[in-house]
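I opened my notebook to look inside one model.

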Amino acid sequence: MRKVSVQEFITLDGVMQAPGGPEEDKSSNFKYGGWTAPYFHEADEEASEFMAKIMQPTDLLLGKKTFDIFEDYWPKHADAWPGINEVTKYVVSSTPGKSDWQNSVFLTSVDDIKKLKDSDGSELHVIGSSVLVQTLLEHDLVDELVLMMFPIALGSGKRLFREGTMPAAFKMTDSLVTKNGVIFAIYERAGDVETGTVGA
């Protein structure tokens with residue numbers, strides 16, 4: 001059984017669209033691409049260590065759009081992410097595909113994802129991939145959330161949690177608040193949602 005870890009940059013209002021740059025994802029006339037950049041200019045040593053820890057080489061599970069962005073960028077900048085070329089990149093696409101990027105494998109269905117999760121191997125890290133993340137949340141296939149929340153609200157854009165997310169409880173296993181207000185938090189799956197009456 002392989003752990004699925006969803007790792008996302010998000011705003012206070014849950015937007016995850018185009019954190020890295022203005023041209024990353026301009027769909028629906030999104031105007032705020034690159035909203036994380038000012039905070040990384042001021043990144044402190046603790047934040048850098050936290051990022052290095054979660055970016056350790058492991059297999060990736062990606063949506064097609066995120067894979068296309070990665071495929072265009074990372075083979076030429078692999079020194080900034082050691083191991084990115086060597087790990088297996090599993091790409092979820094509605095149609096069969098192929099890639100010249102080494103160790104790229106295409107999946108076409110939820111059943112393919114379930115079979116992959118049930119197999120032996122390293123953790124599967126999901127980055128970006130907004131449509132894929134919704135599918136994983138809907139089918140209760142997320143074991144861990146690694147959220148990097150930035151102190152801004154955008155009011156529009158693709159969000160991490162949408163209608164269709166299966167109710168689930170999580171517990172925090174690690175966290176860090178940086179000097180410029182970015183919150184890093186790791187949550188692992190913790191059973192079903194419990195309810196009750198406050199003060200009863």
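Which residues of the largest nonpolar core touch the most other members? Before looking, I noted the ground rules. This is a predicted model, so to speak of local features I need pLDDT of at least 70, side-chain atom pairs count only at pLDDT 80 or more, and totals for chains, interfaces and linings use all residues. Residues are numbered from 1 along each chain as its sequence is written, and side-chain values use heavy atoms, with hydrogens and water left out.

**Entry 1: cores.** I looked up the answer: Val-6, Leu-61, Leu-107, Ile-113, Val-126, Leu-132 and Leu-136, in a core of 21 residues. A nonpolar core is a set of buried Ala, Val, Leu, Ile, Met, Phe, Trp, Tyr and Cys residues joined through side-chain atoms within 4.5 Å. Buried means under 20% relative accessible area, exposed over 50%, and partly exposed in between (1.4 Å probe, protein chains only). β1, β3 (89–92), α4 (110–117), β5, α5 and β6 (144–150) each give at least two residues to this core. Helices (H or I, at least four residues) and strands (E, at least two) are DSSP runs, numbered from the N terminus. The largest share, four residues, comes from α5. I also found a second, separate core of 18 residues, with Trp-35, Ala-47, Met-51 and Val-146 among them. In soluble globular proteins, nonpolar side chains tend to be buried together.

**Entry 2: contacts.** I took contact as heavy atoms within 4.5 Å. Leaving aside neighbours within four places in sequence, Val-6 is in contact with residues including Val-126, Leu-136 and Val-146. Thr-36 sits in the loop between β1 and α1. Is Thr-36 buried or exposed? Thr-36 is buried, at a relative accessible area of 5%. Not counting residues up to four places away in sequence, Thr-36 touches Phe-9, Pro-19, Gly-20 and Phe-150.

**Entry 3: phi.** Most residues other than glycine have a negative phi. I looked up two serines. Ser-28 has a positive phi, near 60°. Ser-28 lies in the loop between β1 (4–11) and α1 (37–40), and is exposed at 74% relative accessible area. Ser-129 has a positive phi of about 55°. Ser-129 lies in the loop between β5 (124–127) and α5 (130–138). Ser-129 counts as buried, at 5% relative accessibility.

**Entry 4: lining.** Which residues line the largest cavity? Ile-54, Trp-81, His-125 and Ile-127 are among them. On a 1 Å grid over the protein atoms alone, a cavity is a set of points where a 1.4 Å probe fits but cannot get out, and lining residues have an atom within 4 Å of a point.

Definitions and conventions:
On a 1 Å grid over the protein atoms alone, a cavity is a set of points where a 1.4 Å probe fits but cannot get out, and a pocket is an open set with protein on both sides within 12 Å along at least five of seven lines; lining residues have an atom within 4 Å of a point.
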